[in-house]
Amino acid sequence: MTILGLMFLLKKLNQPYLIAYIIAGVLLGPYALKIFNKPEEIEVIGEIGILLLMFFIGMEINIPNKKTLIIKPLLAQGIKILLSIMFAFFLGEILTLDFRSILLIAILFTFNSTAVVVEFMKKHGTLNTAFGIVILNILLLQDLLLAPALTLLKFWNGEKFNMLNFILPLLICVVIFLIFRKIRNLREFKFSNEFLKNDHDLQVFSGLFICLGFGAIAEIVGLSAALGSFVAGVLVGKISTFHWLEHSLLPFKVFFVSLFFVSIGLRLDLDYLFSNYKLIAVGTLVVLLSNSLMSSLFFRILNFSWKDSFYGGALLSQTGEFGILALSIAYKTGMVGFDLYKAGLGITCLSLLLSTVWISCGSFVKFRKVANNDKSD
C-alpha cells in the first residue's frame, strides 16, 4: 500500500519509481514506523530481483561485433579506477584518514549501481545504442572486479591470501568471452521442447531455475551472481523456445527489484542522518559531483560528445549497491570504525536516491539538445 501510494504520487510528478521504493523502505524501516527491523532479510530477497534484472538485460541485448564497444569499456573502467584512487588519496589527505579508509573510499568510487543505471537506460531507450552498450559493458566489468575487491578487503584484515580467488574468475571470464564470440552472429539455437509448451507452471519454475542457477554457479566460482544471470539471459535469448520467459518472469522481476531498493531505504538511519546532516549532505554532494565529473571526463577522453559524456556521467554518479556490501565487510572486519561505517552507509543510500534526480537532469540536457537539433533540421 505504501509503495502503491508513492508510485501514484511520483507518476504525477513524472519521477522514476525507484524513488518510491527507497522512500517506502525509509518510512517502513527501523528508524521510522519500525514495521521492518531487519534490512538484511529483505535485502537477501531483493537480490533475486537484481539477478532477474540482469537476466532480462541479457535476453534483450545484442552482443557487440565492433571491437571498440569492448575496448572502450576496458579503457573507461581503467581510467575510472585510476581517478578513483587519486581522488580517494586527495580526500584522505584533507580528512587525515588512514590507508585502509582511503582504500575503502577508492573501492566505493569504483563501483556503480547496475540496477539504477540499467533501469534509466531502458526508460530513455539508450540501452541498445552504441553508447548504452559501452556503459553496460562498464557495469559488467565492475561485476568482474567484485571478487578481487572482496578478496582484497579480507586480505587486508589479515585473512590468508588465496591466489585461486583471482585465477579462477579470470579463467571463467575467458570462457564466457569465447562463448559470446562464438554465438554473437548466431540468430538463434535450434532447440525445441514440447514438454514446456503451454505449461505455465513449468515455464515459471524452469525460468527461475535457469536464471538463479547460473547466478549461483557464478558466485561459487568467485564471480558476481548478477554476471552469471546475465550470461544465462544471453544464452536463453538465442533459444526461440524460451521466448515465453519474458512474459512469465516479468512480474517477478518488478516485485523483487522493488524489494531490493526497499532494503536500501531500510538501512537509512534517520537519527544519525539528522544529527550529522552536514557531513552526510556534503559527502553525498561530493560523491555525486566527483563521480559525475570523473565519468564525464573519461567518456570525453574516449571521444564521445559532451552531451553524451554529461549524460553518462550522470548515470554513473552514484556509489552502487556493492558499496553497502563493502562497508559491511570493512566494519565487521575492523577496517573502519562505527562513525565512518554509518556515514558511508548514509552517503551511499542518499547517493542512490538523489542520483535518480541527477540522472533526470542529465537526460533532460541530452534529449533537449536532440529535440532542438531535430527542430532545426
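1. Let's start inside: the largest cavity has a volume of about 60 Å³. Bear in mind that we're looking at a predicted model. With the cut-off at 30 Å³ or more, the cavity count comes to 1.

2. Who lines the largest cavity? The residues are Arg267, Leu268, Asp269, Tyr272, Leu273, Ile280, Lys342, Leu345 and Gly346. By class that gives 5 nonpolar, 1 polar and 3 charged. Two helices, α13 (270–275) and α17 (338–376), each put at least two residues into this lining. The largest share belongs to α17, with 3 residues.

3. Next, have a look at how α3 (residues 39–60) and α12 (residues 245–266) pack. As a general point, a packed helix pair is described by the angle between the two axes and the distance between them. Here the axes come within 6 Å and cross at roughly 140°. Angles over 145 degrees would count as roughly antiparallel and 65 to 115 as roughly perpendicular, so α3 and α12 go down as oblique to each other. As for handedness, α3 passes α12 in a left-handed crossing. The residues of the contact of α3 with α12 split into 19 nonpolar, 3 polar and 4 charged.

4. Helix α6 (residues 114–124) is worth a click too. How many of its 11 residues are buried? The count is 8, so the helix is mostly covered, with buried taken as under 20% relative accessible area. The buried ones are Thr114, Ala115, Val116, Val117, Val118, Phe120, Met121 and His124. Just after α6 comes Gly125, with a positive phi of about 75°.

5. In general, most residues other than glycine have a negative phi. Thr96 is not a glycine, yet its phi is positive, near 50°. You'll find Thr96 in the loop between α4 (68–95) and α5 (99–110). Is Thr96 buried or exposed? Its relative accessibility is 67%, and the cut-off for exposed is over 50%, so Thr96 counts as exposed.

6. Asn303 is another one to check: its phi is positive, about 75°, although Asn303 is not a glycine. Asn303 sits in the loop between α14 (277–301) and α15 (306–315). With a relative accessible area of 65%, Asn303 is exposed.

Note on methods. Residues numbered from 1 in each chain as written. Predicted model: local features only at pLDDT ≥ 70, side-chain atom pairs only at ≥ 80, totals over all residues. Heavy atoms only, no water. 1 Å grid on protein atoms, 1.4 Å probe; cavity = no way out; pocket = protein on both sides within 12 Å on 5 of 7 lines; lining within 4 Å. Points joined across faces, edges and corners; volume = space filled by probe spheres on them. Helix = DSSP H or I, 4+ residues; strand = E, 2+ residues; numbered from the N terminus. Nonpolar A, V, L, I, M, F, W, Y, C, P; charged D, E, K, R; others polar. Buried < 20%, exposed > 50% of the residue type's maximum accessible area, 1.4 Å probe, protein only. Axes fitted to C-alpha atoms, helices over the stretch in contact; angles between N-to-C directions. Parallel < 35°, antiparallel > 145°, perpendicular 65-115°, else oblique. Left-handed = near helix turned anticlockwise from the far one by under 90°.
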